[in-house]
Amino acid sequence: MSEWDEIKRLAEDLQRVQLKSSVQKLSEQNCIEIVNLLIQNKSIELLFTDDGKEYLTPQQLTSEIKDELYMRGGRANIVDIAKTLNVDLNQVTHKVNELVRSSKELDFVLGQLIDSTYRKKIAYDINVKLRNFGQVFLADLSLQYDLPTEYLLNNIVEKELGKTIEGEQDAKDPRILQTQVYIAKCKAKLRGAITALFSPTPVSTILSLCNISDQILYSSLDQPWFCGTLTSKLPGGLFVPNSYSKAQTEWVTDFLKQNNYLEYESLNRWGIPDPKSYIERTYNEQTFMFLKSCALGSMYISMLEESVDECISSKSYIDMATILPSVISSTELEDCLKQILKTKDKNLILFDTIVFSTFYIEGLANPCKTEAETRAKSYVENGHYQKYIAEKQLAMKKSDSNADFVDVKSEKREERRKKAAGGKTGGGTQGRETKTKSTKKHIRTKKGQNDSDDEINDSISANPDVPELLSLNDIEEIINSTLKEEGLDDLASNIAEHLHPSINKHALDFAQTFYDSKMHTSISNRRQNHIALQDKLNNMINDVRLYDKGIKIFDAEVQIQLKKYLLKSLCNDITNLLTNYFAQESGLQDFDSNITTQQRSKIVQELSDDFKSVLSKNIATLSGSSIEDFLDTAEACLSVAGITLKKIDKKKDRTIILCHKHGLLEQLANSSDPAVVLHLTCLCLHTIATQTMLHASGKFISDIVKLLQPHLPVDIYKKITDYQLLVMKYLNTGAESEEHKEILSQLLTGIEEIKDIAAKFKKQSQNQED
């Protein structure tokens, strides 16, 4: 009771103070100054209203925000709260954030303050909708309540599910709420719909008729009552009833057993979009031949293989139309035959529906070839073939001359243009190639239509008509007698068209052979000897040029000795060949290639002035030491003799050097004389190391080894020098002495090692790359 008396006493004191009039009153300005002073001294904390006429404490602002939220039903926009309380929006926002952090009952979403009562109300509304409709989408609720879907899901649905909200979330999409009653109702509708179906039906049609979602359909796939399959879970998928699939499989299986083939069009009518994949998947243990319109079974494949084997072995023909089904078109027969012949000899030809052995076709062609050969002989004997050859050669020469003329003019014009544009820059092999390409383009654009008639005439004259010695009708008449007996005369034109090119080619080849044999008897061996001599001299002169290139690597003194040796050996042989040729041309006595100096001098005195002048200069160079002078005089001799000297071909030079190396290796492999082996080994090593050829005698071995020292590894160089010393010692000792025999034994022991050095040696740069 004492506490209650204290309360009464305090109430009375408060009432007495309130009713008592003040002795002194403060003005409004004094009150403002007192309040500002208290604020500055941080004795009190006050917030100003927007109009500045009123103060309120933060606790009062918090209380008024809560009151306003309650009055607005548990959801209020802070902008509206700030306007109602006449307080700055920033102050209200700050205070709201403090409230949200301190209380779990409040949420601040999209500038709105929401309490638990409002969330309870939304959960209750969701539950009412679930009872009415059976299914609720959070997307619709988001639009209805103007709240984010994630907020509704995390702060309302998941917390109230199983409590206020009597439902469950969809297994695949948690944003869908539904009741068990609704799910059972939809599945019952779906079950009734698919049970009534007997043919493939689009999934979209089933969903629209049953008014259910695709999630319920897909979740029912593993149910025992789901009597069917889906072709795809995409929008364009089909539902195929089990009854239809069973009937489909039974029909396809029965048809395959009865006919041993499956037609794609029939499978398409049964709703099978990809027949080939269906056959491979369903009958993966059976063998099929897939054609454009159908798939043949193993029985047909075996029949075809047996028939083809019989056709090849009997060298006859077979009608495939009597074996294969009638649905196969003639164009598919060729494809069928190709697949059969993949594992067999391709000795068959297809005409219409009949497969012929090549031996049978050759038998039909033999009488035609006999007739073609007869006509070819007559064609040559009458001079028509010679006329055809002459026209062909004339046309080719005309075409080549026109091309050369155009190239010369265009090259000059291009050269002037390049000089004007870039001075003396450019040139080289790449430059010539670029110039040729630009020249060709320039010529085409330059001539245009003005020279179109000339181009057409040139193309016609450059390709004269090939003579037809045996016409298509002639071939058809010859083979028709044989085919008529077999009842195949309707294919005579097709077979004749097939044989026509080969028969005429055979006729022309026979005409060429006959013409060559005829010309061979009338043409003397002089031209053949001239050609042989030309080839031989070209090869020898090219070898001299390559040997000279290899000599230039040595010191000046060694070069002179090597050049003299080359002039006295290979160059002397060239001069003897030229001397012998000039003697034959002048009607003198034929001499062997080994002409002595006296015989050569005598021949030169008896030659005509043209031959004598050039040959004398060539002979004079043999006693000098200049390979260039010899080649120049030899070229002059060839020009007088009418022998063409081939241009230098660097690619061919590399081939010649490679062949020269292999020739040395072959000689080395067959040689057993130590001195010869050392000589050949040095020449071979020189060729590999310097990529040049060398013509040198055994006395130059020391110079060659000295040149090769930088190119050889130390161990190989030591082996070569040691073996060289043994050879020199062997040659300088008496043949009957014991030392001579002992050295020979050492040489023979190491001869295989020396051969291996040449056989296995590679250029050092190449070894580094490897």
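Is Arg654 buried or exposed? In this predicted model, Arg654 is exposed, with a relative accessible area of 53%. The legends below start from the whole chain and then move to single spots.

**View 1. The whole protein chain, with its 33 helices and 17 strands.** Of the 770 residues in the chain, 36% are buried. The chain exposes about 47,000 Å², and carbon and sulfur atoms supply 51% of that area. Take the contacts between residues at least 6 apart in sequence: 61% of them join residues at least 24 apart.

**View 2. A positive surface patch formed by Lys549, Lys650, Lys651 and Arg654.** Helix α28, which covers residues 650-670, gives the patch its largest share, 3 residues. Arg654 is found in this helix, α28. Since exposed means over 50% relative accessible area, Arg654 counts as exposed because its value is 53%.

**View 3. Asp146, in the loop between α7 and α8.** Here α7 spans 138-145 and α8 spans 149-160. Have a look at the backbone of Asp146: its phi is near 55°, a positive value in a residue other than glycine. Most residues other than glycine have a negative phi.

**View 4. Gln691, in the loop between α29 and α30.** The helices on either side are α29 (674-690) and α30 (701-708). Gln691 is another spot to check for its backbone angle, with a positive phi near 55° in a residue other than glycine.

Notes: Residues are numbered from 1 along each chain as its sequence is written. This is a predicted model: local features need pLDDT of at least 70, side-chain atom pairs count only at pLDDT 80 or more; totals for chains, interfaces and linings use all residues. Side-chain values use heavy atoms; hydrogens and water are left out. Patches are made of residues with over 30% relative accessible area and no salt bridge: like charges are joined within 9 Å, nonpolar side chains (Val, Leu, Ile, Met, Phe, Trp, Tyr) within 5 Å. Accessible areas come from the Shrake-Rupley method with a 1.4 Å probe; for residues, only the protein chains shown count as cover. A salt bridge is a side-chain nitrogen of Lys or Arg within 4 Å of a carboxyl oxygen of Asp or Glu. Lys and Arg count as positive and Asp and Glu as negative; His and the chain ends are not counted. The place of a charge is taken as NZ of Lys, CZ of Arg, CG of Asp or CD of Glu. Helices (H or I, at least four residues) and strands (E, at least two) are DSSP runs, numbered from the N terminus. Buried means under 20% relative accessible area, exposed over 50%, partly exposed in between (1.4 Å probe, protein chains only). Contact means heavy atoms within 4.5 Å.
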